[in-house]
Amino acid sequence: MDWIEVTIFTTTAGIDPVEGVLEDLGIEGYALEDAADFEEFLQDTEIYWDYVDEKLCEELRGQETKLKVYIEDSDDGRAQIAALNDRLAALKATDTDDVLGRLVTDQSVTRQEDWEWGWKQYFKPFPVGEKFLIKPSWETVDDPGARQILEIDPASSFGTGTHDTTQLCITMLEKTVKGGEKLLDMGTGSGILAIAAGMLGANPEVAVDIDEHCLTCALENAERNGVTIKKTLHGDALRDDKLAEEIGGGYDIICANIVADIIIGMAPMFFEKLKEGGTLITSGIIEERADEVGQALEQAGFRLTDRQVSNGWAAFTAVR
């Protein structure tokens, strides 16, 4: 079955009224792109991101709020869309202060096979480091050779293993893990680093992410690979003292594939949470800021033991 993607253009203030229209028409589920979220993202780029494409920023500025729904491409579905347009027009007529936006729709047909597969066709098995072959669950590998298969489904989380920062961290984990180490994964995303560490013989004790959805994804991926992440925590440890305390300490290894500013801010915390002789593996650092991050780690008390660069991204191994 094919589907019609219907995009409703409104404002942040119009989300609730449009939700009410959808509910009345029996249209369940929608994807929301809230213009207020775009603005918040743009304000946070200085804190959470080292590099944001300027063209992307320009595209995000002034975006309308959109609700997207998917309706069967059939006579009944088209009748439902006609009813939706009528209800939106009626709602617009009551909007005397013009706060609900345009309240119009745009439509495009989505083929079922495109819906289900989309980007998946481009995610194929590939080697990382000396020991791993990373693959998605929908691909099969007849002969991985001496490599361990790490099966990952990222969903909407960061970490398919294709990015240079992830590969740098996995390569450093291969050199660091001897077996039995207590590990903390900060900014776990899809859980790929905690899983790789577990497959190498470490014990992933805690995984932390600012996005709660990532933690669900990480646990599912860990189970898929026979790895147990003992505890997951949601939040921003740089700003939440209670969360920072809950993370605990005494770690042998900390992985932090985040961004330069957060690594710099967390450097003293990482030092505190590691055992004497413990190792920090960190990446997500654009090469231009590598010296700055390295200096911050040394100022926090770390001794830098390895620095690697790949396609403009840097990673460090540092020992307490």
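Tutor: A residue is called exposed when its relative accessible area is over 50%, and buried when that area is under 20%. The structure above is a predicted model.

Student: Why is Asn311 called exposed?

Tutor: Its relative accessibility is 69%, and the cut-off is over 50%, so Asn311 counts as exposed. Asn311 sits in the loop between strand 13 and strand 14 (313–319). It has a positive phi of about 50 degrees although it is not a glycine.

Student: What makes Asp98 exposed?

Tutor: The relative accessible area of Asp98 is 52%, against a cut-off of over 50%, so Asp98 is exposed. Asp98 belongs to the loop between helix 4 (75–93) and strand 4 (104–110). Its phi is positive too, about 55 degrees, and Asp98 is not a glycine.

Student: Why is the pair of Phe271 and Phe302 called edge-to-face?

Tutor: The count of aromatic pairs is 1. The ring centres of Phe271 and Phe302 are 5.3 Å apart, and a pair needs centres within 6.5 Å. Their planes stand at 90 degrees; over 60 counts as edge-to-face, so that is what the pair is called.

Student: Which parts does this pair tie together?

Tutor: Phe271 lies in helix 10 (residues 260–273), and Phe302 in the loop between helix 11 (290–299) and strand 13 (303–310). These parts are 31 residues apart in sequence.

Student: How do you know whether Phe302 is buried or exposed?

Tutor: Its relative accessible area is 5%, and buried means under 20%, so Phe302 is buried. Phe271, at 22% relative accessibility, counts as partly exposed.

Notes:
Residues numbered from 1 in each chain as written. Predicted model: local features only at pLDDT ≥ 70, side-chain atom pairs only at ≥ 80, totals over all residues. Heavy atoms only, no water. Phe/Tyr/Trp six-rings, centres within 6.5 Å; stacked < 30°, edge-to-face > 60°. Helix = DSSP H or I, 4+ residues; strand = E, 2+ residues; numbered from the N terminus. Buried < 20%, exposed > 50% of the residue type's maximum accessible area, 1.4 Å probe, protein only.
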